[in-house]
Every structure is written in structure tokens, then in C-alpha cells.
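Visitor: Good morning. Could you take me through this structure in plain terms?

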Amino acid sequence: MSETAEATQEVAVEPKEPLFSTKNKRLLSDPLNDDNPITIQVLGICSALAITVQVKPSFVMAVSVLFVMIGANLIVSWMRNLIPSRVRIIVQLVIVAALVILVDQFLKAFLYDVSKQLSVFVGLIITNCIIMGRLEAFALGNKAWPSFLDAIGNAAGYGWILIAVAVVREFFGSGKLWGFQLIPQSFYDFGYADNGLMILPPMALITVGIIIWVQRSRNTKLIEEN
Amino acid sequence: MDVNKNGYIFAFSAILVIVVGAALAFTAESLKPMQKENVRLEKMQNILATVKIESTPEEAKEKFDKYIVEQKLLNSEGVVTDFPNLTAFDIDAVKEYKTMAAEDRHYPLFVFEDGGERKYIVPLAGKGLWGPIWGYVAFNGDMNTVYGSTFDHKTETPGLGAEISETWFQERFIGKTIFNESGEFVSVDVVKGGTDVEGQDHLVDGISGGTITSKGVGEMMERTLNVYVPYFKGNLKAAL
């Protein structure tokens, strides 16, 4: 798993800055495209490979990550002046792990079906680099409100890539979306076959690669000068 | 305050761990009854689904009490035995499969009755590619023909091995028989995906790409049902 250590971003927040100032809006919109955690920062690739075989688990995963990110970003941001910098990583880890276990326990008690669908992947949210990455790069140096927006932005940026990859893989891999058969039986009778490779992890990497390619060719800001 | 002094770091870590630990312990303990109930209801739903009785978690208990008329426990020799303080429903087949020797395990049998017709439901436990798999298989009154089956898994690959929990796979077992013409136990085996099993009474087509999980299903059926053979045979003789 490649992890780019990112320099702590300081967002200067004016005392009476409006809640949705341009800067704050960019916290929400940047991760969707220009600064996407998966396609630009190449974080959280593990889970993008593991659970994007079908759309439904990807969606629930995206929602769970959203919850954990908001919680972790808020808590770390509130505690940022109390956390000793020498043990900050382990403190972040404890907070993220605690939140993930909470999600898991609540799913098991109240949304048993969903919890079964996600099985081990809920626990794997702990290892999602995006969460630790945002805590380290953003929440530690910013107030609660921008951290909250940053969490939503990044979780959404992660989520839409996840779902996009899952749509491609489920559609071409099993002819379904969200579990519903979309490719009619008559196609199969004519000799159409699902692409078995789509179900395997390498195709997730290739799909993400194609998304990165399309994104870079369309977004001139991302083209590096040589 | 200097947050990087050793004393502060120790105090901070200790407080953090105590707070987080207490919060998690509290949540886990207070949610435990609900989680346990969910597991019990799901088990009832699964047992009922094997005999094609659909139920929501809310109505599972009522339907279970109505249709399951008898619960028996067999020992490893296939003899109905009384175990004090144990009912068939309490037996966790997966746990016993993992922790107990084959001859110490308990073998539950659920008897379903609807309109005078009886079906016999047997719980199964085994292992797939990544972790445990389990399920139930129901037999007709002849104790030979599969009436229905449900399978589930903990961590099989989504889209591949995990498909054993889908109806299209489970339906392939319906109508298969576990005894051959001369009355010997042959079980129902699962073969590599894509094999032609047309007209084969004891073979089921596996899942392409999920061969190890499919084989695991076949293995757990063969091993578990083998224990029930004396009971099934004895029961059939008594009926004749």
C-alpha cells in the first residue's frame, strides 16, 4: 500500500468566516475531483479492490467510512491541542478503532442484514489510509467545522469512486446492478458471457486506473510539467 | 501546559484507554441481548427457509414454534440421546465443528410438520476457502430426497464462493438423493463448476471460480449426514 505523506494543510480560518466560505466549500468539492483520495492521493486502494465486486456492499462501506471519518475528524480536531505529538498516531488509531467497533456493534444489533453483508470489511475500515491520512493532514491542525467538512468531502470522494468501480465490475462481471439482473437472458442465449475477470481484484485496479486516466486527460490542473 | 512531557503522555494515554475501553465495553454489553436475539431469530429463519417457509425476523419465533414439532439430539453414532440441559436448538454446529472432536459433537435434528407431512432438517458445518461455512438440509419423509437447503458463510469471496448463500445454488440440491439404488449412503457431492450433472442423482454442479467453497459444501454434507445414516435407516425400517 503506497502512502504519500502529505504536509499538514493549514487553512487560515478568519474569526467571523461564513460557514460556507469559498475555502470551506473547496474542502467539500476538492476531494471529489482535484484532490480525490483514491485517484489522486492513491489512498484507500485496499478496500477499493476488496469490496467493489457488487454495488450494495460498496455503498454501505462508503456510508460507514463517512460516519467514521466525521466522528474521527471531529474528535481529533477537538482534542488537537491536548494530543501529545509523540503519540499522536497511536491516539488517532485508538479513536478510529473505537469508532469502527461502535459501527460494527450497532450494525449487528440494529441492522443485522447489512452487518452480515459487510462481514469483515467493517473492521477493515480501521486500516483505511484515508481516515488516518485526513486526521494526520487536516484534523490535527484545524478547527472542528472545517474538519467536519473535510471529512464529508473526502468520504464522498472515496465513496463515489468506490461505487463507480463497483458499477462497472458488477455490470460486466455478473450482469447485475444492486443485485438486480440487468442483462436479459436473451443476451446470454445469443452467446454473451459475463466477464469473469471483472470479479477478480486485478480488474478493480485496472478500472481505477482507467478512471485516473480519464480524469487526468480532462482535468488540466492535474497534468504534470516535465 | 507542555503536552510532550513524559508524565503528561502517560496520563493522557491512560485516560484515553480507560475512557475508550469503558465506552466500548458498555456499548458491547448493552447491545449484546439484541445481537444474541438477532442471531437466534436468524437461525430460526434459516431452519424454516430450508423447508420453504419464508419468515421475517418478527414472525420467525411464532412460525418456528408452530412448524417445528420435534427437536432431537443424536450422538456421534447416530443414536437419539438425551443430553441434560441441552436442546437441539442450542447446539452451535459451527462452534462444535471447530472446537470438538467428531465423536464428542452433538448432532441436532429438527422435525418439521405441516399438514401431516414430515420433513427432517439437519444442520451442517464445515469449512470453505477463507473460513467456516454452514447450512441446513431438509429431507422428505423418505429420508433420502433433499427437499431444500440453505447455506451460509462467514468470509467467502463475494461473487464467487459467497454465492453458496444464493438461492440459485441452493436450488440445485433439490430432488437429489443421498442413498443409491442399493440403499448405500453416497451423499450428494458438489463437483467443479460447469460440469454436466444432468440426470445425476448424487451430483451437484459447483460454482465456477468458487471451487474450494463448493467442495467444502460437498464435504460437510458427506461427513455430517454420514452420522445420521443409522438413524435414518432405523427410522425407515420402523416405518415399513
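Visitor: To begin, where is M143(B) found?
Guide: M143(B) is found in the loop between β4 (132-139) and β5 (146-153) of chain B. Strands (E, at least two residues) and helices (H or I, at least four) are DSSP runs, numbered from the N terminus. Please note that this is a predicted model: local features need pLDDT of at least 70, side-chain atom pairs count only at pLDDT 80 or more, and totals for chains, interfaces and linings use all residues. Residues are numbered from 1 along each chain as its sequence is written, while chains are lettered from A and ligands numbered from 1 in the order in which they are written.

Visitor: Is M143(B) buried or exposed?
Guide: M143(B) counts as buried because it has 20 C-beta neighbours inside 10 Å. A residue is buried if 20 or more other C-beta atoms lie within 10 Å of its own, exposed if 12 or fewer, and partly exposed in between, with C-beta atoms placed from the backbone.

Visitor: What is the phi of M143(B)?
Guide: M143(B) has a positive phi of about 55°, although it is not a glycine. Most residues other than glycine have a negative phi.

Visitor: And what about S187(B)?
Guide: S187(B), also not a glycine, has a positive phi of about 60°. S187(B) lies in the loop between α4 (167-170) and β6 (189-191) of chain B. With 18 C-beta neighbours inside 10 Å, S187(B) counts as partly exposed.

Visitor: Changing topic, how many residues does each chain bring to the contact between A and B?
Guide: Chain B gives 23 residues and chain A gives 23 residues. Two residues are in contact if their C-beta atoms, placed from the backbone, lie within 7 Å.

Visitor: Which residues have the most contacts inside the largest nonpolar core?
Guide: They are V68(A), A72(A), I121(B) and L124(B), in a core of 96 residues. Such a core is a set of buried Ala, Val, Leu, Ile, Met, Phe, Trp, Tyr and Cys residues joined through C-beta atoms within 7 Å.

Visitor: What does L124(B) touch?
Guide: Not counting residues up to four places away in sequence, L124(B) touches several residues, including W134(B), Y136(B) and M220(B).

Visitor: Finally, where is M79(A)?
Guide: M79(A) is in the loop between α3 (55-78) and α4 (88-110) of chain A. M79(A) is partly exposed, with 17 other C-beta atoms within 10 Å. The C-alpha atoms of M79(A) and Q185(A) are separated by 57 Å, and the two residues are 106 residues apart along the chain.
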